[in-house]
Every structure is written in C-alpha cells, then in structure tokens.
Amino acid sequence: MMLPLDAWHRERGGRMVEFAGYWMPVQYEGILAEHLWTRESAGLFDVSHMGQLYIAGEGVEAALEAVLPIDLATLKPYGPRYSLLLDENGGILDDLMVTRWNTGFYLVVNGATKWDDIAHLREGLPDEVTISHLDDSALLALQGPKSFTALERVVTGKYPLSGLTFMKGGQFKIAGIDAWISRSGYTGEDGFEISIPAENAAQIADLICQQPEVKPIGLGARDSLRLEAGLPLYGHDLSPDTSPVEADLLFAINKRRRIEGGFPGAHRIMGELASGTPRKRVGLALDGRQAAREGAEVYKEDKKVGILTSGGFSPTLGHPIAMAYVDAAHAASGTILTIDIRGKRLPAGVVPMPFVPHRYHR
C-alpha cells in the first residue's frame with residue numbers, strides 16, 4: 001500500500017522498503033549520516049503508517065479505562081500520555097499515545113497493529129462509543145535539537161509554539177493548513193509530531209524541509225535513534241508474551257489503576273508488582289564494533305539467561321548496544337554476560353537505559 005508521501009520520498013532518492021504493509025524510505029543518503037544529522041540538527045520522518053484514531057461518545061471515559069490501564073482523570077486536555085493495550089493475561093497488544101481532545105480521545109497506535117487494535121477496541125467498547133479512523137490524515141515527526149527553530153518559522157496559532165513543552169500539544173496552522181502538533185517523539189531528542197490532512201502532506205513536508213536545519217530521514221535512523229534512547233519497539237521488545245512490569249513500563253499504569261485494577265490483565269500485573277517477575281528488559285553494552293541482533297541468545301557462563309530483542313551499532317557512542325530480556329537474577333546494572341553471535345561469545349555488560357541521555361524540552 002502507498003502512503004501520501006510515497007512519490008515525495010522517491011523523488012528525493014529515498015530507498016523504499018516494505019514495512020507494516022506499506023512502502024516507506026529506509027534511508028536517503030545513509031543511515032549513519034541521517035542518525036548524526038538528527039542528533040545535531042533536525043530530521044523529518046514520515047510516520048503516516050501509524051494509526052490515528054478518535055474515540056468519543058456517551059461514557060467514553062469509563063469505557064476507555066476498561067480497556068486501557070490509564071487514569072484518565074489525570075489526563076489534562078491536549079497533553080499526550082503513553083499507554084498500553086493489554087490482553088486478558090496482561091500481555092502487551094500494542095503501545096500507544098492517548099490525548100484528551102474536546103469530548104473524546106485521540107489515539108496514535110502502531111502501523112503494524114492498527115487494524116487489530118481497531119478490531120480489539122470495537123469489541124471492548126460499548127456501542128455508544130464510536131471509533132473514527134482518521135485515515136485522511138498524515139503524520140510527520142520532526143526530531144532533533146534544532147526542530148523548534150525550524151518549525152517555529154512556519155507555524156502560526158493562537159499561542160506561540162514555545163508554549164508547548166514535552167508531552168503537550170495544540171492546534172496550529174502551517175501555511176494556513178490546520179495541524180495538530182505535540183511536542184513528543186521517538187528519538188530521545190526534542191521534537192514534534194505533526195498531524196495534517198493527507199492531501200497537504202507533500203506541501204507541508206516541502207516547506208519544513210526547505211528550512212536549512214532539516215533533512216528527510218528514513219526508518220533506518222529512526223530505529224538506531226530509538227534504540228539509543230532506550231525506547232522499546234512493538235513486535236520486537238514488546239509483544240503479547242511480555243508484561244508491562246517485565247518490560248519496565250510501569251509508568252504507563254497509573255497509581256490508582258495499580259491499586260484498583262479493572263483493566264485487562266490486572267490480576268497478573270498486580271501479582272507481578274507484589275512478587276516480581278522472572279525476567280526483565282535490560283540494556284546491554286558491547287565492546288568492539290560487531291553488533292548483536294535480535295534473537296541472539298544471552299548467557300551467564302554456560303547457562304542461557306535471556307534473548308536479545310533489539311540490537312545495533314550506536315553511532316553516538318561508537319560501540320554496539322542492545323536490549324534483551326534476561327533472568328531477573330542477572331538483570332542488575334554492572335552484571336557481565338555474554339552474547340552468542342554465530343557461535344562466538346562476546347562479553348556484554350548490563351547498563352542503565354537510556355544509552356544516550358534524553359534531551360526533551362520540559
């Protein structure tokens with residue numbers, strides 16, 4: 001399937017690959033160059049494959065709390081919040097962003113899971129609550145320390161763009177076109193996510209990339225940036241086989257919900273809070289330049305104690321890094337483990353995440 005900016009990417013030399021059923025650019029001038037440019041300046045990512053949903057109707061707040069482990073009473077208008085879609089066993093079906101919009105809620109879900117998410121929500125929500133798939137909208141992410149400087153030039157609104165801090169959003173205009181903008185993202189850098197009409201996506205992408213700070217960036221650098229930021233990727237670091245507690249995502253379950261429950265999988269999650277989990281998601285740092293990839297086995301001496309879920313070379317740090325689920329007994333920072341790479345054991349140390357400090361504008 002083609003997204004609104006398919007031709008735009010190809011005209012700019014984007015090397016297209018199939019991802020989540022769509023053709024998307026994996027790189028333009030090269031993953032390393034694009035990664036470093038985003039860390040130093042500003043990169044524009046096309047994330048229109050993500051699912052944008054609007055959920056509204058009578059009793060929507062209570063209905064949504066029955067399917068998400070979030071305390072919506074703590075959610076202020078236009079402030080995005082990270083949340084999770086869980087199955088009845090507490091496994092993660094998806095991770096998502098939810099924002100209170102007027103009388104309803106705006107959700108952004110992963111592209112690879114959006115159709116399953118919509119089906120799951122339709123099944124779990126009452127008939128009085130409607131789910132609108134905003135498939136006539138495109139989604140762009142402008143990320144990097146110079147994102148604000150570049151975006152401020154082209155944005156107008158009732159209040160200045162500087163009024164947004166991390167995890168705040170609002171309605172603006174770009175070239176006279178309505179745009180929902182939140183100060184958030186998936187790189188660990190300051191940045192913005194921009195929802196716009198699909199028919200205007202190329203015009204707005206052109207305008208943003210005309211700013212000297214900005215270059216278009218592909219999926220390859222998006223993955224290496226999010227890995228350095230210690231952010232999990234659904235389908236790799238998160239799945240129905242993982243719980244929020246072992247994935248170290250407890251912040252996505254508000255305090256009231258941890259006490260009261262009332263969401264899918266609450267029995268398991270409350271039990272894990274009380275008793276701990278047999279394994280935990282950890283960060284690993286390797287020496288040298290050989291990267292370990294997803295699926296590699298992790299050992300403590302001759303005992304297998306875990307498996308890698310993401311891995312790659314860190315351009316910022318100059319050495320390989322990885323995420324893995326390992327037995328809780330070997331998850332402490334400073335623990336030395338080994339990773340099996342094609343029969344060769346490479347030492348790896350458990351380190352805190354993020355690997356590269358976040359630079360959000362708070």
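Guide: The radius of gyration is taken over C-alpha atoms, and the globule rule is 2.2 Å times the number of residues to the power 0.38. This is a predicted model, where local features need pLDDT of at least 70, side-chain atom pairs count only at pLDDT 80 or more, and totals for chains, interfaces and linings use all residues. Residues are numbered from 1 along each chain as its sequence is written, and side-chain values use heavy atoms, without hydrogens and water.

Visitor: What makes the radius of gyration of the protein chain agree with a compact globule?

Guide: For 362 residues, a compact globule would be near 21 Å. The protein chain has 20 Å, so the two agree. Along its principal axes, the C-alpha trace spans about 65 × 50 × 35 Å.

Visitor: Why is Asn 102 called exposed?

Guide: Buried means under 20% relative accessible area, exposed over 50%, and partly exposed in between (1.4 Å probe, protein chains only). Asn 102 has 62% relative accessibility, so it counts as exposed. Asn 102 also has a positive phi of about 50°, although it is not a glycine. Its place is the loop between E6 and E7. Helices (H or I, at least four residues) and strands (E, at least two) are DSSP runs, numbered from the N terminus.

Visitor: And why is Arg 342 called exposed?

Guide: The relative accessible area of Arg 342 is 75%, so this residue is exposed. Its phi is positive too, near 50°, in a residue other than glycine. Arg 342 sits in the loop between strand E19 (336-341) and E20. Across the protein chain, buried residues make up 57% of the 362 residues.

Visitor: What makes a space in this structure a cavity?

Guide: On a 1 Å grid over the protein atoms alone, a cavity is a set of points where a 1.4 Å probe fits but cannot get out; lining residues have an atom within 4 Å of a point. Grid points are joined across faces, edges and corners, and a volume is the space filled by probe spheres set on the points. The search of the whole structure finds two cavities of 30 Å³ or more.

Visitor: Which residues line the largest cavity?

Guide: Among them are Met 97, Tyr 106, Trp 180 and Glu 193. Strands E6 (92-101), E7 (104-109) and E12 (177-182) each supply at least two lining residues.

Visitor: Which peptide bond is cis?

Guide: The one joining Met 353 and Pro 354, with omega about 5°. Pro 354 lies in the segment after strand E20 (344-351).

Terms used: On a 1 Å grid over the protein atoms alone, a cavity is a set of points where a 1.4 Å probe fits but cannot get out, and a pocket is an open set with protein on both sides within 12 Å along at least five of seven lines; lining residues have an atom within 4 Å of a point.
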